[in-house]
Amino acid sequence: MRITYRDAMRLAIRDALLADPRVLLMGEDVGLYGGSYAVSKGLIDEFGPDRIRDTPLSELGFVGAGVGAAIGGLRPIVEIMTVNFSQLALDQIVNTAALLRHMSGGQFSVPIVIRMATGAGRQLAAQHSHSLENWYAHVPGLRVLTPATVADARAMLEPALADPDPVVIVEHAALYNIEADVPDGITCDIERAAVRRPGSQMSLVTYGGSLPKVLAAADLLAAEGIDAEVLDLRVLRPLDFDTVAASLRRTHRVVVVDEGWKSGSLAGEVVARIAEECLFDLDAPPRRVCSAEVPIPYAKHLEDAALPQVDSIIAAVRQVIA
Amino acid sequence: MTTDRVRLLADMYRIRRMEETCAELYGLQKIRGFLHLYIGEEACAVGALHALTDDDNILATYREHGHALVRGVPMNSIMAEMYGKASGCSRGRGGSMHLFDATRRFYGGTAIVGSGLPQAVGLALADTILARHGITVCFFGDGAVAEGAFHESLNLASLWHLPVLFVIENNLYAMGTALARAQAQTDLASKAAGYDMSSSVADGMDVEAVHAAVADAGGRVRGGWGPHLLELRTYRFRAHSMFDAELYRDRAEVDGWKRRDPITSYSARLVADGVLDQAGVDGLDRAARDEVAEAVEFAEAAPWEPVADLLTDVHTARGMS
């Protein structure tokens, strides 16, 4: 069935609501409005306002309520409109959801799924263009997922809800309109990274909204005779480094593409792990393509210049392969 | 009712003697980290928790030793937690500020001011959806009233008509900042009106007044009338924590409140009412001291969690949820 990423998310949420009466969706404008990215459109008609629960603009309050509901036996899916606004709820995510099990000596699990949109590229200016998923990937106790394909958007929610611990699902807003054929009954392994394009000369490691750019770059490189493998990390925490290591032990060259700012980025973590565990497998220093260290500007030409692009990815590959 | 009144007094003694010993153990470096004593405020936890049921959810703050104890967490496991031992109620991972007991619906023990309130809303939402009958009681201090979490949570609880009893333990200071230096409106109970919520105020130095107020407010909440905000007016006799020169308040003010000590005043009341004689009061005190001595012995002998277990329970072991 050919569906959009947005449809895939909606179908996954609908399946979860049908499968388990403890599941509810809550967040700003998830109900009557249909979700700010239209992910939950129509669900309130089918499931009612108690299970598709509109909240006031109280990120700290409703994320904390989701945490409490999870501790109390529900399986809440909490939608925060974007990662930018999730900063208002950081306390509940980082200081409670992530810590509670360990801090209580194993007495409480927090089976909450927190969904949020992320990323730039739509001229929404600095306060609506962050890629802060790396902040969550820094915190023990959380699982951080970045569905980058329609298939993963369709299949990730079920295992995320089955996880007894808090899961943060970060959806790049530029992906909601992509389309693909997704077979029925598709599943997703939320422990493992995915090889999106096999290749032999070069490993391109990325995740989330950068995946389409990296695949486009790989196609152009193939036309020049450079055979690049594309890895989608898919799980930012706990990171599946084995899949990365296996790839670059074949290719011996690596570029990491990450829309986050370079300093303290997830790409930095990946490169550090490569340095610790695979340094002597490399034939060239690794390179990172990240966002420029600047608030993302509104003007399109400046925004384009600030973000990883197909051209800058290809340029980095040429440096590594030269 | 006579037995219940004795139990109220007995539990206040248990908290007082336990915490006095904790302070000594802190000096001996047996207890480390932060230690926030509840001494002076015992009537709040004792009066409140005796008016609640086992089905109710309890959330407290980092000044929660008394709440945990009265809720039924054994003193041995509280003291072992203070020591950081594996027999502690949080296996030594939480310490003084993070006492937890899932079997008693005691949800901690949080050290982020105000963070319990949104969780209380969620616990009450879960109870409502899952058709359970308990209410959720969330204790916090006057300092938390300045947090956004307070206002967001009162609004949510009222908007969704959830069974939450919010209890402010107003001890007049947010750490070292006096209420009047932090709040434009110092009548804290009045803030409920902004959320179309009922509220009440009780004397937090009078254990029976607290009991009556919580029984009344809890009954309202239990009866489906929506959330309620109860302000208990109390006072902390000791420093905010163990590192506090108390530069922010007058000795005379502290002494004035100490003359209203909830334990001595209630002891006198029970003697005057003929419920206990002085020997009976002394017996409660001695029993509390004996229980504390045993708890210290237990904590001293308790094992440490093996370092090999450091990483367990960062995530739930599969098959254990």
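1. Leu25(A) stands opposite Ile77(A) in β4(A). Strand β2 (residues 23-27) of chain A runs parallel to strand β4 (residues 75-82) of chain A, and five bridges join them. Strands are DSSP runs (E, at least two residues) and helices are DSSP runs too (H or I, at least four residues), numbered from the N terminus. Two strands pair if DSSP finds at least two bridges between them.

2. The model is predicted: local features need pLDDT of at least 70, side-chain atom pairs count only at pLDDT 80 or more, and totals for chains, interfaces and linings use all residues. Residues are numbered from 1 along each chain as its sequence is written, while chains are lettered from A and ligands numbered from 1 in the order in which they are written.

3. In chain A, an open sheet is formed by seven strands in the order β3-β2-β4-β5-β7-β6-β12, with mixed pairing. β3 (52-54) and β12 (235-237) of chain A stand at the edges with a single partner strand each, so one side of each has no neighbour in the sheet. From one strand to the next, the twist averages 20°. Angles run from 0 to 180 degrees between N-to-C directions, and axes are lines fitted to C-alpha atoms, for helices over the stretch in contact.

4. Helix α1 (residues 5-19) of chain A packs on this sheet and touches β2, β4 and β7 of chain A; the direction of the helix makes about 135° with that of β2(A). Contact between two residues requires that their C-beta atoms, placed from the backbone, lie within 7 Å.

5. Chain A is divided into domain 1 (2-181) and domain 2 (194-321), with bounds from an automatic or database domain assignment. Their C-alpha centres lie 26 Å apart. In chain A, 23 residues of domain 1 are in contact with 21 residues of domain 2. On the domain 1 side, α7 (133-137), β6 (143-145) and β7 (167-172) of chain A each supply at least two residues.

6. In chain B, the axes of helix α4 (residues 75-83) and helix α11 (residues 278-301) come within 8 Å and cross at roughly 50°. That angle makes α4(B) oblique to α11(B); angles under 35 degrees count as roughly parallel, over 145 as roughly antiparallel, 65 to 115 as roughly perpendicular and the rest as oblique. Residues of α4(B), including Met75(B) and Tyr83(B), meet residues of α11(B), including Glu291(B) and Ala299(B).
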